[in-house]
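Trainee: Please give me a close look at one part of this model. Then show me what lies around that part and elsewhere in the chain.

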Amino acid sequence: MKVLILGGTHFLGRHLVESALRRGHRVTLFNRGLTAPGLFSGVEEIYGDRDGSLVALNGRSWDVAIDTSGYVPRVVRASAEFLRPHVGRYVFVSSISVYANFDKEGMDEEFPVGQLADAAIEDVQAFYGPLKALSEGAVQSVYGSDSFIVRPGLIVGPHDPTDRFTYWVRRFARGGNVLVPGTPDRRVQFIDARDLADWMMRGTESGLAGIYNVTGPSQPLTMGQLVMTLQSAIPSSGRPVWVNENFLVQHHVAEWSELPLWTTGLPGFMAIGIQGALRAGLEFRPLVETIRDTWEWDRARIAPMKAGMEPQREDALLAEWSRR
Ligand SMILES: NC(=O)c1ccc[n+]([C@@H]2O[C@H](COP(=O)([O-])OP(=O)(O)OC[C@H]3O[C@@H](n4cnc5c(N)ncnc54)[C@H](OP(=O)(O)O)[C@@H]3O)[C@@H](O)[C@H]2O)c1
C-alpha cells in the first residue's frame with residue numbers, strides 16, 4: 001500500500017512508520033519538519049503545517065492516510081476533505097479521553113462522548129477529549145465507512161515523550177523503597193506503542209472500519225502484577241511501599257503526573273472495554289519485554305523525567321508514612 005502519515009516522527013507515529021515499512025508498504029510523511037526531520041532514511045517527507053498549508057500534498061494519491069497529529073476538529077476536517085479525492089481510506093488516532101465520564105468499568109465504544117459548550121473552542125489542553133470526539137465526527141462525516149478510528153488508552157514503550165510509564169521503570173531500576181499508590185489489586189491499563197502500531201497496520205490492510213478502544217492487556221492487570229514484573233525484569237530493583245490513597249490525597253500528591261498510572265474516583269479510566277479490538281486481532285507482547293525495551297531506551301538517553309515524583313519528596317512522604 002501507499003501510506004501517507006500525517007505526523008510520524010515523535011512516538012506512535014514513528015512506530016507506525018517502522019511497522020508499515022516492515023510490512024512492505026511505501027510510506028510518505030507529512031509534517032512541519034520540526035520533530036526529528038530525516039529520521040527514516042528512504043522515507044519520503046513532505047513538509048507543511050496541516051493547519052492551513054496542505055498544498056504540498058497537491059497532485060498526489062495514496063491508498064490510506066493515517067492521522068496521528070489531529071487534535072482540532074476544524075483542522076482534521078480540512079485534511080479529510082482535502083485528501084478525500086486522492087486517498088482511499090482515513091485512519092484517525094483519537095483517545096479514550098473522548099468519553100463523557102469514567103464512572104463505569106468496561107465501557108465500550110457506544111458509551112457517550114464528552115460535549116463542548118461552544119463549537120468554536122479549540123483549547124486542546126483544556127478540552128482534549130471533546131475535541132478528539134468532534135475530530136472523529138469530522139473524519140466520519142467525510143470518509144464514512146472508509147474511516148477507521150482508534151481510541152488508545154495510555155500508550156507506553158520506547159520513545160514515549162510523556163514518561164508516565166517510563167517513570168516506574170526508571171524508579172524501580174534506581175532501587176530502594178519505592179512509593180507505590182494504593183493497594184496491589186488496583187487495576188491498570190496501557191498499551192505498548194509497537195503493539196498498537198502493528199494492530200493498526202493489520203487493521204488498515206484488512207480494511208477495518210469503525211471505532212475501536214485499544215488498550216491492554218487482554219486480561220485485567222493489577223498494579224501489584226506490574227510491580228512484580230518490574231522487579232523480575234530489572235535486576236536488584238526497588239521494593240514497593242504501598243501507601244494509602246487518602247494519605248496521598250491529603251499530601252496533595254498530583255494524580256497521574258506526580259504518581260503516574262494512578263487516579264482516584266475514575267474507576268473506568270483504566271478498565272476500558274476492548275472486546276472489539278480483541279475480536280479484530282489485537283495482540284500483546286509480554287509485559288516484561290515492554291519493560292526491558294523501555295529501560296534500555298531510557299538508559300541510553302540523558303533526559304530528566306517529565307512525570308513522576310522527585311526523590312526528596314518521595315523520601316519525605318515515605319518517612320511520614322512509616323511514622324504514622
Ligand atoms: N501518548 C498517549 O498515551 C496517548 C494516548 C491516547 C491517544 N494518544 C494520541 O496518539 C497520537 C500520537 O501522537 P504522537 O505525538 O505519538 O504522534 P507522532 O506522529 O509520532 O508525532 C506527531 C507528529 O505530528 C507532526 N505535527 C505536529 N503538528 C503538526 C502540524 N501542525 N502540521 C503537520 N504536522 C504536525 C510532528 O512533526 P513536526 O513537529 O515536525 O510537525 C510529528 O511528526 C496523538 O493523536 C495523541 O492524541 C496518545
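Mentor: Start with burial: a residue is buried if 20 or more other C-beta atoms lie within 10 Å of its own, exposed if 12 or fewer, and partly exposed in between, with C-beta atoms placed from the backbone. This is a predicted model, in which local features need pLDDT of at least 70, side-chain atom pairs count only at pLDDT 80 or more, and totals for chains, interfaces and linings use all residues. Residues are numbered from 1 along each chain as its sequence is written.

Alanine 316 has 12 C-beta neighbours inside 10 Å, so it counts as exposed. Alanine 316 sits in helix H10, residues 311-323. Helices (H or I, at least four residues) and strands (E, at least two) are DSSP runs, numbered from the N terminus. From alanine 316, look across to valine 142. Their C-alpha atoms are 54 Å apart. Along the chain, 174 residues separate the two.

An α-helix has 3.6 residues a turn, so residues three or four places apart point the same way.

Next, follow the chain into the loop between E5 and H3. Serine 97 is in that loop. With 19 C-beta neighbours inside 10 Å, serine 97 counts as partly exposed. Serine 97 touches Tyr128, Gly129 and Lys132, leaving out residues up to four places away in sequence. Two residues touch, or are in contact, if their C-beta atoms, placed from the backbone, lie within 7 Å. Tyrosine 128 is 31 residues from serine 97 in sequence, yet the C-alpha atoms are 7.3 Å apart.

Aspartate 108 is in the loop between E5 and H3 as well. Aspartate 108 is partly exposed, because it has 13 C-beta neighbours inside 10 Å. Its contacts beyond four places in sequence are Gly273, Gln275 and Gly276.

Take the contacts in the protein with a separation of 6 or more: residues 24 or more positions apart account for 79% of them.

Asparagine 58 has 8 C-beta neighbours inside 10 Å, so it counts as exposed. Valine 188 is 130 residues from asparagine 58 along the chain, and their C-alpha atoms are separated by 44 Å.

Some backbone details come next. Histidine 252 lies in the loop between H7 (245-250) and H8 (275-279). Its phi is near 55°, a positive value in a residue other than glycine. Histidine 252 has 7 other C-beta atoms within 10 Å, so it is exposed. Tryptophan 256 is in the loop between H7 and H8 too. Tryptophan 256 is not a glycine, and its phi is positive, about 75°. It counts as partly exposed, because it has 15 C-beta neighbours inside 10 Å. Then check the peptide bond from glycine 216 to proline 217: it is cis, with omega near 0°. Proline 217 is in the loop between E11 (210-214) and E12 (221-222).

Now step back. The protein has 10 helices and 13 strands. Of its 324 residues, 42% count as buried. Its C-alpha atoms fill a box of roughly 70 × 45 × 35 Å along the principal axes. The domain assignment gives domain 1 (2-152) and domain 2 (166-189 + 217-266 + 287-323). Such bounds come from an automatic or database assignment. The C-alpha centres of the two domains lie 31 Å apart.
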